[in-house]
Amino acid sequence: MVSISSLPVRLRIVLLAVVPVVGLIATGGAAYIGQRSMAEAFQDYETNDQFSGLAAIVRVRVQEMRAASLDFTARRMPSGASDFDKARVDAVLKMSALRDLSERTGTGALVNEVQRGLASASQSFGLVRSTIETIGMTPAEGLNARLENSVRDMETLSRRVAQNFDDGAGILEQVLQLRRHEKDYMMRADEEFLTKFREARTKFINETSRSVIAPNMKADLLKAGELYWPAFDAWVTGSQSVATTVQALDTLLRSLDQTSEKLNEAASKGKEAAGAARAAAEERTTWILLALVGMLVTVCALFSLLIGRSITGQIGAITGSMRVLAGGDTSVEIPVVTTTDELGEMAHAVSVFRDNAIAREQLEADSRKEAS
């Protein structure tokens, strides 16, 4: 195994410089990885924050759609339809943006559910809208106007008959009963009043058919009825369809509101998780950097000590040998330096000095022996 003392001085100095550089590179790498982790966590946080903002808008738009549908269906406010469409279009646009973010937030299933709900709500509201417009937004429109005109004609005819014929009173009574049950049903949507209306219709037809009135007036009354019954039946069918569809629409919008709230909750949880991940990454990076710096300082200190001692130890040994040799002791042991660097050359030079001194002493000794 190669020891530090066997390495050239230059190499030892290079190693002394390389070790901190390697440590700094490792520290920089750890810092870079930590920064990337924190940046990714921050990006996740920003994505979830953006997602949360969009989801909140979608929920508000869903609530606006529900309020607009009530304005249109219950209060017959024409502005409700445009308000509904406006809120729906904005919700759809925001959902398109949410779709782009759903992969990173893991909310694809919820986004799909909300999008399907918006599509279903649009379809249901369109059906309600067309039905209500067919019935009539006001009493002067659609089936409302048709119904009112037909029953007004019938009532006018029955009052004329009642004034001119003894049998007319019974006919007028049934017409008034029809109007009463019609209004009761319109206000309460109770099947009881619908049944009473049909009973009064049968009585009206019977009263008119067996009455002794002018044939032309009888024909006009029955003809007016033939216009009135289908108008009212169509109105009933339409109102029942509206009631059923409105109830389904309101249920759908309430469910859509809850689903959009789940989007908000998922985004909030994503923000919390991303914030926690960022804090954890920051703390982890800090500890790793502190550990690396501590290790770097320790390794550099130990390495510097080892290399310093290896160099000063060899220099000290050579210097000691030179001092002994300068004192005339040629028996001194010269430190063995296996390297060919400056220290090796110094040890070799001291060895040469010693060998020369020994040779000189030997020559002097030989000279003295010959002289004697």
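Reply: One aromatic cluster is formed by Tyr185, Phe197, Phe204, Tyr228, Trp229 and Phe232. The model is a predicted one, in which local features need pLDDT of at least 70 and side-chain atom pairs count only at pLDDT 80 or more, while totals for chains, interfaces and linings use all residues. Residues are numbered from 1 along each chain as its sequence is written, and side-chain values use heavy atoms, with hydrogens and water left out.

Rings of Phe, Tyr and Trp (for Trp, the six-membered ring) pair if their centres lie within 6.5 Å; planes under 30 degrees apart count as stacked, over 60 as edge-to-face and the rest as tilted. By this rule there are eight aromatic pairs. One of them joins Phe197 and Trp229 edge-to-face, at 6.5 Å centre to centre with 80° between the planes. Phe197 belongs to helix H6 (residues 191–210) and Trp229 to helix H7 (residues 215–326), so this pair ties together parts that are 32 residues apart in sequence. Helices here are DSSP runs (H or I, at least four residues), numbered from the N terminus.

Phe197 also pairs with Phe232: the ring centres are 4.1 Å apart and the planes stand at 35°, so this pair is tilted. Phe232 lies in helix H7 and Phe197 in helix H6, so the pair ties together parts that are 35 residues apart in sequence.

Phe197 is buried at 1%, Trp229 is buried at 11%, and Phe232 is buried at 0%.

Notes:
Helices (H or I, at least four residues) and strands (E, at least two) are DSSP runs, numbered from the N terminus. Buried means under 20% relative accessible area, exposed over 50%, partly exposed in between (1.4 Å probe, protein chains only).
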